[in-house]
Amino acid sequence: MDLLASLAAEERWLFPLFLAMYAAIYCVGQLLVFRRWAPRQRLDGASCLISLFHGTPAALAAAGAILALPAGSRSFAAPNARLQDHVLDYSVAYFTMDLLHYLAFLPGDVLFIAHHLATLFVFLTCRYLVRHGAYALLVLLLLAEVTSLLQNVWTLAGIWRDQSPAAARVYGALSPPFYALYTLVRGVAGPLFLLKMAAFYLSGQAVDVIPWWVRISWILVVGTAIAVSNLWIWNLWKELVREWKQAPSKSKKDT
């Protein structure tokens, strides 16, 4: 809490510092941590590394920024507090760095590029254009990043599972709890909060502080992101169930 208090008191624009930090972490990943990996694996590993430094800290900071406000100020139309702006800048820096990674090395990965552009649009309009509504986005950020640690460890294990039996075991052990938590957050909590957010913004209660096109675009972007996330996890569940069904027959063949 002392860190959050000092961050709330910080008047400087912290985005350049955050971006430099992510750039340094990315370079460490590319040049040191994953230097022995194959080129494509090294790229994915470096991206996961900066995500590790973003996800859990961002979720904790978002929770702290929300709890630091009086209950009456936790409104979808409330003006942004300084601490909320810093948390948004922390995430904007991460998505900017990861977007540059994809544009430079993986320009064909259109889905991730579109996701990052849409996320940056929402965060930037909240942070720099309307300067209201950070409460809603920080709740969504918390929901999005609460699974980040599990997801990144699972992803790194998945990258290395063909070369390492230990990584394959970690991947297999993490898949069910990660899928379950992700489904709970993205399939239940996320849609419920989106419905609450959409009902507020469509009612016109924020009309004086957030233009209609911003409110509508936020709802569309968040709704699309949740739908794509649920489609992704649904496909992973189907693959996992198929592997479970195939496991008994495979073990019989081995014996």
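1. Is Arg 12 buried or exposed? Arg 12 is exposed, at a relative accessible area of 55%. Please keep in mind that this is a predicted model.

2. The partner of Arg 12 is Glu 10: the two form a salt bridge whose closest N and O atoms are 2.9 Å apart. Glu 10 is partly exposed, with a relative accessible area of 21%. That value falls in the partly exposed class because buried means under 20%.

3. Now to the helices. Asp 85 and Arg 127 form a salt bridge too, with 3.6 Å between the closest N and O atoms. Asp 85 sits in helix α4 (residues 82–105) and Arg 127 in helix α5 (residues 110–130), so this pair ties together parts that are 42 residues apart in sequence.

4. Arg 127 has a further salt bridge, to Asp 89, at 3.1 Å from N to O. This pair also links distant parts of the chain, with Arg 127 in helix α5 and Asp 89 in helix α4, 38 residues apart.

5. How exposed are these side chains? Asp 85 counts as buried at 11% relative accessibility, and Arg 127 counts as buried at 9%. Asp 89 is buried as well.

6. Taken together, Asp 85, Asp 89 and Arg 127 are linked in a network of salt bridges. For the model, the count comes to four salt bridges, among them Glu 10 with Arg 12 and the two that Arg 127 makes with Asp 85 and Asp 89.

Definitions and conventions:
Residues are numbered from 1 along each chain as its sequence is written. This is a predicted model: local features need pLDDT of at least 70, side-chain atom pairs count only at pLDDT 80 or more; totals for chains, interfaces and linings use all residues. Side-chain values use heavy atoms; hydrogens and water are left out. A salt bridge is a side-chain nitrogen of Lys or Arg within 4 Å of a carboxyl oxygen of Asp or Glu. Buried means under 20% relative accessible area, exposed over 50%, partly exposed in between (1.4 Å probe, protein chains only). Helices (H or I, at least four residues) and strands (E, at least two) are DSSP runs, numbered from the N terminus.
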